[in-house]
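Colleague: I am new to reading models. Could you show me how to read a pocket?

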Amino acid sequence: MFNAGEYAYKIGTFYIFVAMNAGKLQTPIDYLKGVGPSRADLLRSELGIHTYQDLLNLFPNRYIDKTQYYTINQLQPTSADVQIIGKVTHIKTVGEGRSKRLVATYIDQTGAMELVWFKGLKWIRERLKINVPYVAFGRVQRFGSTYSIAHPDLELLEEHEKGLRAAMQPVYPSTEKLSNRGITNRVMNGLMQTLFQEVHKELDESLSPDIIEALKLMSRKKAYLNIHFPQKQENLARAQFRLKFEELFFIQFQLLVKNQLHKKKIKGYPFENIGENFTTFYNKHLPFELTGAQKRVVKEIRNDLGKPAQMNRLLQGDVGSGKTIVALLTMLIAIDNGFQACLMAPTEILAIQHYQGLSELCEKLDIKIALLTGSSKTKERRIIHESLEDGSLHILIGTHALLEDKVQFKNLGLAIIDEQHRFGVAQRSKLWHKNDLPPHILIMTATPIPRTLAMSVYGDLDVSVIDELPPGRKAIKTVHRYDNNRLKVFGFIRDEIKKGRQIYIVYPLIQESEALDYKDLMDGYESISREFPMPDYQISIVHGQMKPDDKDYEMNRFVNGETQIMVATTVIEVGVNVPNASVMVIESAERFGLSQLHQLRGRVGRGTDQSYCILMTGHKLSEDSKTRLQTMTRTNDGFEIAEVDLKLRGPGDLMGTQQSGMLNLKIADIVKDNEIMKAARGYASAVLKDDPQLQKPENAPIRQTYAALMKFKNIWNYIS
Ligand code: ADP
Ligand code: MG
């Protein structure tokens with residue numbers, strides 16, 4: 001079995017071992033030949049390179065294939081980067097002031113062209129050799145009938161032909177400051193060569209022979225050689241695969257270790273019985289048949305709860321996928337084992353909806369449910385507090401109010417948190433301290449984080465996914481309309497209202513305090529009031545600058561069907577359930593992110609009627625906006641949308657992932673390299689299962705690398 005304390009101790013001893021052994025890679029970058037103090041400062045500040053190892057792990061952004069040489073008469077006006085062997089015959093300075101430049105005539109057997117410099121004229125002029133063969137490389141442009149390359153990479157043919165010269169030229173990440181201060185890509189290449197000669201003996205294998213054999217991986221040393229000095233495409237591809245796999249393997253390994261430590265450390269109450277309440281409800285009172293996905297998830301949860309370790313599970317399911325019934329079944333298991341359960345929602349309205357819905361579902365069971373929110377009366381509170389403490393209350397539903405010190409459970413066994421991103425981590429952990437042993441935790445979210453990403457972001461949570469909607473749901477029809485079609489849209493709204501439906505009209509409010517957005521909203525409200533006048537139409541308005549009481553009042557009018565139109569900002573984004581609402585109009589839709597659009601759309605399509613989502617925009621749209629709108633009109637699948645979102649914005653921006661700091665990946669791409677990530681996780685998991693303490697000799701490379709990574713935290717500091 002896995003022993004946390006022992007493991008930590010072992011890692012402690014590894015530190016010393018690795019620190020001694022990997023000395024050279026940890027050398028400050030200042031000491032590398034060709035660097036020196038001022039370049040070292042630049043490398044540190046511009047690229048975060050502090051040590052030899054950091055430089056070694058600076059991977060090229062792209063490669064230029066220099067396996068081809070061109071003659072001057074082969075040149076085409078394509079602006080492509082090419083290399084040409086030739087000689088400089090003349091140098092002259094032309095122009096004045098800012099257009100002053102150095103022009104060299106460059107010839108080969110087939111013709112003549114120009115090489116041009118705008119900066120560093122004196123320096124270049126002094127060094128250029130006349131009538132000596134060079135290799136010139138750069139982007140070719142044509143002016144009149146003459147080809148030229150501005151600021152070419154110029155290298156003596158003699159130098160070019162010897163040494164560790166890459167046939168394919170790596171292009172390293174750079175900044176303007178770096179190139180202005182003379183740390184060009186060529187300098188980078190040179191530094192990489194020097195570095196490689198210094199450290200190549202220390203590039204020990206990091207993976208076990210089994211894994212290397214199974215995946216036919218290139219050795220670590222060879223992979224580094226080929227990533228920095230590739231000779232041909234095929235080897236480069238293998239090197240990239242190897243290094244990506246390695247990176248993802250150790251990330252997954254670390255997450256799995258963390259997960260195991262977590263399980264070991266935190267004991268929990270085992271819920272061994274499946275009893276009266278669960279069985280009765282499941283067999284007699286289920287209002288519908290569970291979907292396959294719901295069944296699977298309930299099974300996963302039951303399995304977790306049966307163990308004497310605390311459950312920490314994230315339940316992901318798109319809006320309307322039916323998470324509530326799963327929550328209830330989970331609570332019934334807790335109750336059947338003699339425990340209490342609580343369900344926390346981010347807003348009062350949501351808490352009330354849960355309370356009403358769950359009370360109805362449990363009508364025929366002998367279960368007591370109560371609601372506690374900020375507006376609960378003192379007398380109600382007292383009753384709740386008492387019945388919680390004497391154990392007669394089984395389920396408490398509420399808002400943040402659940403976290404007050406006065407709320408003391410007799411024996412809380414399960415805490416369910418709905419729409420987790422509205423709660424801070426601190427608030428989450430506060431619940432843990434209500435009892436001797438922490439309750440099991442189930443977090444429900446509709447934020448569709450791609451499965452593979454969830455693995456990395458929520459490494460310490462187990463993830464269940466409801467990836468199937470209940471049968472008979474009508475897909476929401478989504479259309480994109482330009483502002484000048486507004487009258488038609490209003491006509492459509494009028495028809496829907498005539499049929500008894502309700503309408504949402506949402507305005508962007510990126511920052512709740514932005515005066516401009518507020519004005520947009522109010523202008524919109526006024527024009528809608530004119531278009532849909534009282535007393536025929538009733539309109540609610542909700543925005544972030546309203547007092548909570550007023551907000552709830554307006555919201556309730558809409559929920560109860562007293563108003564037909566809800567004009568709102570994104571405050572209605574989360575969770576509200578008004579099955580009668582059939583149209584979601586989103587104004588300035590180009591200003592919303594994909595996940596937000598998807599969340600908003602999820603407010604409709606909850607009843608049996610056909611629902612619609614109308615995305616309103618002006619005519620001026622960026623490429624990204626177009627992609628977002630097209631994605632929305634093409635699909636209702638939250639996971640597919642999340643993938644597009646991820647590609648557009650990168651993982652750092654994805655909703656719900658900011659707090660985790662996300663992965664600072666050096667070579668792998670979390671989206672494109674999904675498959676490698678899955679493989680890496682599989683192998684990491686197998687190794688941990690087979691040899692939890694990494695004691696087998698074949699796992700020594702993994703143990704050493706892992707320990708080194710833990711010690712030199714540069715990859716791991718994203719873990720909270
Ligand atoms: P969410 O995952 O967004 O919280 P809910 O739990 O509120 O979704 O469920 C949305 C609606 O779908 C509810 O009206 C619920 O009764 C219904 N529902 C849930 N599961 C099923 C099912 N298996 N078959 C039919 N209807 C279902
Ligand atoms: Mg819900």
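Modeller: Begin with the elements. Helices (H or I, at least four residues) and strands (E, at least two) are DSSP runs, numbered from the N terminus. This is a predicted model, so local features need pLDDT of at least 70, side-chain atom pairs count only at pLDDT 80 or more, and totals for chains, interfaces and linings use all residues. Residues are numbered from 1 along each chain, and side-chain values leave out hydrogens and water.

Colleague: Which helix gives the most to the lining of the second largest pocket?

Modeller: First, the idea. A pocket is an open set of points on a 1 Å grid where a 1.4 Å probe fits, with protein on both sides within 12 Å along at least five of seven lines; lining residues have an atom within 4 Å of a point. Here, helix 14 gives the most, with 8 residues. Helix 13, helix 21 (594–601) and helix 23 (638–649) each supply at least two.

Colleague: Which residues lie closest to the centre of that pocket?

Modeller: Gly320, Gly322, Arg473, Asn577 and Arg606, out of 49 lining residues.

Colleague: Why does the second largest pocket lie between domain 2 and domain 3?

Modeller: Domain bounds come from an automatic or database assignment. Domain 2 (276–305 + 322–445) and domain 3 (477–635) both give residues to the lining, so the pocket lies between them.

Colleague: Which residues lie nearest the centre of the largest pocket?

Modeller: Pro152, Asp153, Thr184, Asn185 and Arg186, from a lining of 48 residues. Helix 7 gives the most to this lining, with 7 residues. Other elements that give two or more include strand 1 (62–65), helix 4 (121–127) and strand 5 (133–143).

Technical notes
Chains lettered and ligands numbered in written order.
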